[in-house]
Amino acid sequence: RIATLEETVRGGQAELARRMATEDAKGRFALTAIALRDAVDKGAPFAAELASAKSHAADAASVAVLEPYASTGVPSAQALGRELSSLMPALWKAARGTTPQTGTFLERLQANAGNIIRIRPAGDVAGDDHDSIRARIEARAATADIDNALSELMKLPPEVRAPAEAWIKKAQARNAAVAAARNIAQTAIGALAKSGS
């Protein structure tokens, strides 16, 4: 009976050690995933965090989205906001280029005066006309509200938003990277919580 009892105790100890090692690995993965998510949100490089996430078998699709930015970090919302602000004169100019040169003499005079004197709405104005949309884009850029700036840009015709096409791709890639990092973190935290219950 003593031998059986000793065997049971040894088996219990081995099982306990295995469970502790598993929980420890899940805990380390959760911490790494949170650090990865935070680095991506801040726009900081995250090569070490991504390598650790890969070693813990993180979602391959999410890792692939993040890999191009590992050494440099994704562009921050503030940097993208400043870049979009610098593109606003080109957007206003593109919109003026689409102004029809037909109509009465006064309408043509007003359209041509718009090339010399720029009166445009500012801030968060209502309306779906191009000037109102561009004013909202300008306001979103100033506050680094990238998601809403993207949404407003997509309301403009392609020829008017053409100067911002490269920026749109960069902002969409940033959004995909942020979503991928959050997915990895959520999966890791979920696995840790499930094992602890």
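This passage describes the helical fold of a predicted model and then the contacts of selected residues.

The structure is a predicted model, in which local features require a pLDDT of at least 70 and side-chain atom pairs are counted only at pLDDT 80 or more, while totals for chains, interfaces and linings use all residues. Residues are numbered from 1 along each chain as its sequence is written, and side-chain values rest on heavy atoms, with hydrogens and water left out.

The protein contains 9 helices and 0 strands, where helices (H or I, at least four residues) and strands (E, at least two) are DSSP runs numbered from the N terminus. Read along the sequence, the elements follow the pattern α-α-α-α-α-α-α-α-α. Of the 197 residues of the protein, 31% count as buried, a class defined by a relative accessible area under 20%, with exposed meaning over 50% and partly exposed the range in between (1.4 Å probe, protein chains only). Contact is taken to mean heavy atoms within 4.5 Å, and among the contacts between residues at least 6 apart in sequence, 62% join residues at least 24 apart.

Helix 6 spans residues 130–142 and packs with helix 7, residues 146–153, at an angle of about 160 degrees, the two axes lying 9 Å apart. Here the axes are lines fitted to C-alpha atoms, for helices over the stretch in contact, and the angles run from 0 to 180 degrees between N-to-C directions. The two helices are therefore roughly antiparallel to each other, given that angles over 145 degrees are classed in this way, whereas those under 35 count as roughly parallel, those from 65 to 115 as roughly perpendicular and the rest as oblique. An α-helix has 3.6 residues a turn, so residues three or four places apart point the same way.

Helix 6 itself has 13 residues and reaches 18 Å from its first C-alpha to its last, close to the expected 18 Å at 1.5 Å a residue, the expected span being 1.5 Å times one less than the number of residues. Its buried residues are Ser132, Ile133, Arg134, Ala135, Arg136, Ile137, Arg140 and Ala141. Ala144 follows helix 6 and is placed in the loop between helix 6 and helix 7. This residue has a positive phi of about 55 degrees although it is not a glycine, and with a relative accessible area of 19% Ala144 is buried. In helix 7, Ser151 counts as partly exposed at 38% relative accessibility, and the C-alpha atoms of Ser151 and Ile137, which are 14 residues apart in sequence, are 8.9 Å apart in space.

Further pairings involve residues of other helices. Thr32, placed in helix 1 (residues 2–42), is buried with a relative accessible area of 15% and, leaving aside its neighbours within four places in sequence, is in contact with Glu49, Ser52 and Ala53. Ala64, found in helix 3 (residues 60–66), counts as partly exposed at 45% relative accessibility; its C-alpha atom is 9.0 Å from that of Ala180, 116 residues apart in sequence. Ala94 belongs to helix 4 (residues 77–97) and touches Glu159, Val160 and Pro163, not counting residues up to four places away in sequence. The C-alpha atoms of Ala94 and Arg161, 67 residues apart in sequence, are separated by 7.7 Å. Ile189 lies in helix 9 (residues 165–196) and, at 36% relative accessibility, counts as partly exposed, while its C-alpha atom is 8.4 Å from that of Lys26, 163 residues apart along the chain.
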